[in-house]
Amino acid sequence: MVDKIKQPHKFLPVGEVSTTDKRSAAGPYIWRTMRFVGAGPMTGAVIVEHIYAERQTGEIRFVILDAAGMETDEEIVNAMHTAPLRIEYFKRSVSTKARIHFPAPTASVVGSIAKTVELAKAVEAAKPARPPASPRR
């Protein structure tokens, strides 16, 4: 899922992507800008966001910036859950953590999840096989 941060074109119809690693008092984050090149009302829109990858929670948070470069109270969350194993995308309020309406087209979200699963399978397939565990005595 971390590929989504610096290589969003693998998952979304975007171009002109630029990222910069940053650090604040709250910790590390990535500043990213990209142009939406897909069809629809967002065609040509420039998206600017701060991205926080939180391994402990399994979340990548994409916090949208306003025209002044300040974080808004909305974030897109990509979460990986382990029990049971699943990926979830949703939009929520940064301040309250309450989920809010996410108007993303379903087909785009499903396609992005499918690409994430495809890449994860490729990574797993490339890992060397583990030797079998020794029988316990």
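I started with His 101, which lies in the loop between S7 and helix H2 (106-126). Helices (H or I, at least four residues) and strands (E, at least two) are DSSP runs, numbered from the N terminus. Before going on, I noted that this is a predicted model, where local features need pLDDT of at least 70, side-chain atom pairs count only at pLDDT 80 or more, and totals for chains, interfaces and linings use all residues. Residues are numbered from 1 along each chain as its sequence is written, and side-chain values use heavy atoms, with hydrogens and water left out.

Is His 101 buried or exposed? His 101 is exposed, because its relative accessible area is 66%. The cut-offs are under 20% relative accessible area for buried, over 50% for exposed, and partly exposed in between (1.4 Å probe, protein chains only). I also checked His 101 against Lys 91: they are ten residues apart along the chain, and their C-alpha atoms are separated by 6.7 Å.

**The other histidine I looked up**

Next I went to His 50, in strand S3. His 50 counts as buried because its relative accessibility is 11%. Its side chain is joined to that of Glu 71 by a polar contact of 2.7 Å. For that term I used a pair of N or O atoms within 3.5 Å; within protein, one must be able to donate a hydrogen and the other to accept it, and residues adjacent in sequence count only if both atoms are side-chain atoms.

What does His 50 touch, not counting residues up to four places away in sequence? I found Tyr 29, Ile 30, Trp 31, Arg 61, Phe 62, Val 63, Leu 65 and Glu 71. Contact here means heavy atoms within 4.5 Å.

**Rings**

A search of the whole structure gave me one aromatic pair. Tyr 29 and Tyr 52 form it, and the pair is tilted, with 5.6 Å centre to centre and 40° between the planes. The rule: rings of Phe, Tyr and Trp (its six-membered ring) pair if their centres lie within 6.5 Å, and planes under 30 degrees apart count as stacked, over 60 as edge-to-face and the rest as tilted. The pair links distant parts of the chain, since Tyr 29 is in strand S2 (residues 27-36) and Tyr 52 in strand S3 (residues 46-54), 23 residues apart. Both Tyr 29 and Tyr 52 are buried.

I then looked for charges over rings (NZ of Lys or CZ of Arg within 6 Å of the ring centre and within 35 degrees of the ring normal). Arg 99 has its charged end over the ring of Phe 90, 3.7 Å from the centre. Lys 4 lies over the face of Phe 11, 5.3 Å from the ring centre.

**From Lys 4 to Asn 78**

Lys 4 turned up again: a polar contact of 3.2 Å joins its side chain to that of Asn 78. I placed Asn 78 in strand S5 (residues 71-82). Asn 78 counts as buried because its relative accessibility is 5%.

Ala 83 and Pro 84 are joined by a cis peptide bond, with omega about -5°. Pro 84 is in the loop between S5 and strand S6 (85-93).

Glu 16 is not a glycine, yet has a positive phi of about 50°. I found Glu 16 in strand S1 (residues 14-24), and at 60% relative accessibility Glu 16 counts as exposed.

Lys 97 also has a positive phi, near 65°. Lys 97 is in the loop between S6 and strand S7 (99-100), and counts as partly exposed at 44% relative accessibility.
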